[in-house]
Amino acid sequence: MNLENEYLKTALRLHRNYPVVDAHLDLPGEILHRAVSGEKNIIKNYYLGNWKRCGMNLVVASIYLENSVLPELGLRNALNQIAVLNEEIAQSDELVLVRNRQDLKNVLADNKIGLLLYAEGLDFIGADKRLIHIFYELGVRGAALTWSRTNLLATGCCRAAERKQTYGGLTCLGLETVDELEKKGIFIDVSHLNDDGFNELSIVAKKPFIATHSACREVFFNYRNLTDEQMVKLAKQGGILGINGHKLVVGAGEEDNPVLKICEHIFHAIKVMGVSHVGYGFDFCDSYNCALEHKKEVEDGSDCLGNHSGIPLLTATLLSRGMPEDVAVRVIGGNFVEYFMRNLPRD
């Protein structure tokens, strides 16, 4: 067996024996797009096999709203996404909606796959922060104030393809919403928040916030990514950076090896933040885009790894480049599990 296969063998062993987490996937929206087209058993048909192959234990499933449903249909669309996700979970004895720490413990002990629901932007609540409590009751345990757009709470960063600065921090309502989220025990995600908003949140936040799917601006200059200074702040207050796997975010051009590009971001993040604050947050988009366009197969892939079955290859590459096994165990899922065990509701 050659050296590359030895590293892959080790990676697969780690993925079998330790928690594996993907901190960002637009799963509810994809399910809704496919369900509207008449498809059924979407998780089983598109994801479950790959999750099993990579040893997945927890997927942070994001409610993501297309611009086309805002503002009037945003609330209905968000509720529909939750509804179809619950229907998929109810059809499988292998999937669990994770609402609290005990659910997560049970998922890990019983070798199930947990889905942790969060909102990639709170556009759907409009100006009514009371709705946060309703969505909490429906299982939402995390939220970004906004996606890459401006809403009544905050200004988002640019989209990855635009690479331009945006200005404007949290609104008064946004500051009040931060307080409401923290009181409810809902974690805050900063991955699409602009620099002004990040800086303001880092001042007012009382609980650790995370970046579920970003990368390092020092490695690839894009305002969608975090600066070293932001990463230090993120780590100091107890947060985790989920490294993105989208080519536009990590800066993987046609001449680049996309897996090596992700590795570059991971090693830089560890250097800046420490081994306890880095994880995986791939933001796989190809399958979602196919669903949005009513297609069955990916024609021009934007995901560095293709799908979740490629994650062990990334882990093997990290090992081959000198990452110790105990550090890899933290990156593939251990850090995010520890974060959620500290910050999810107890019951």
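Author: A disulfide is taken here as a pair of cysteine sulfur atoms within 2.5 Å. The model is predicted: local features need pLDDT of at least 70, side-chain atom pairs count only at pLDDT 80 or more, and totals for chains, interfaces and linings use all residues. Residues are numbered from 1 along each chain as its sequence is written, and side-chain values use heavy atoms, with hydrogens and water left out.

Reader: And how far is the sulfur of Cys-216 from the closest cysteine sulfur?

Author: That distance is 12 Å, again to Cys-263, and it is too far for a bond. By this rule the count of disulfides is zero.

Reader: Is Cys-54 buried or exposed?

Author: Cys-54 is buried, with a relative accessible area of 0%. Cys-216 is buried as well, at 0%. Buried means under 20% relative accessible area, exposed means over 50%, and partly exposed lies in between (1.4 Å probe, protein chains only).

Reader: Let us turn to the helices. At what angle do the axes of H2 and H3 cross?

Author: The axes of H2 (residues 27-36) and H3 (residues 42-54) cross at roughly 140° and come within 9 Å. That makes H2 oblique to H3. Angles under 35 degrees count as roughly parallel, over 145 as roughly antiparallel, 65 to 115 as roughly perpendicular and the rest as oblique. The axes are lines fitted to C-alpha atoms, for helices over the stretch in contact, with angles from 0 to 180 degrees between N-to-C directions. Helices (H or I, at least four residues) and strands (E, at least two) are DSSP runs, numbered from the N terminus.

Reader: Which residues make that contact?

Author: H2 contributes Leu-27, Glu-30, Ile-31, Arg-34 and Ala-35, while H3 contributes Ile-42, Ile-43, Tyr-46, Tyr-47 and Trp-51. Contact means heavy atoms within 4.5 Å.

Reader: How many residues of H2 are buried?

Author: Seven of its 10 residues are buried, so H2 is largely enclosed by the rest of the structure. They are Leu-27, Pro-28, Gly-29, Glu-30, Ile-31, Leu-32 and Arg-34. Their packing partners include H3, strand S1 (21-25), strand S4 (113-120) and helix H12 (286-292).

Reader: What follows H2?

Author: H2 is followed by Gly-38, whose phi is positive, near 95°.

Reader: Moving on, where is Asp-189 found?

Author: Asp-189 is in strand S6 (residues 187-189). It is buried, with a relative accessible area of 3%. Among the residues that Asp-189 touches, not counting those up to four places away in sequence, are Tyr-118, Leu-145, Ile-210 and His-213.

Reader: What does the side chain of Asp-189 make a polar contact with?

Author: With the side chain of Tyr-118, at 2.9 Å.

Reader: Lastly, where does Arg-149 lie?

Author: Arg-149 lies in the loop between strand S5 (142-144) and helix H7 (172-184). At 12% relative accessibility, Arg-149 counts as buried. Its side chain is joined to that of Asp-123 by a polar contact of 3.4 Å.

Terms used:
Polar contact = N/O pair within 3.5 Å; in protein donor to acceptor, adjacent residues only side chain to side chain.
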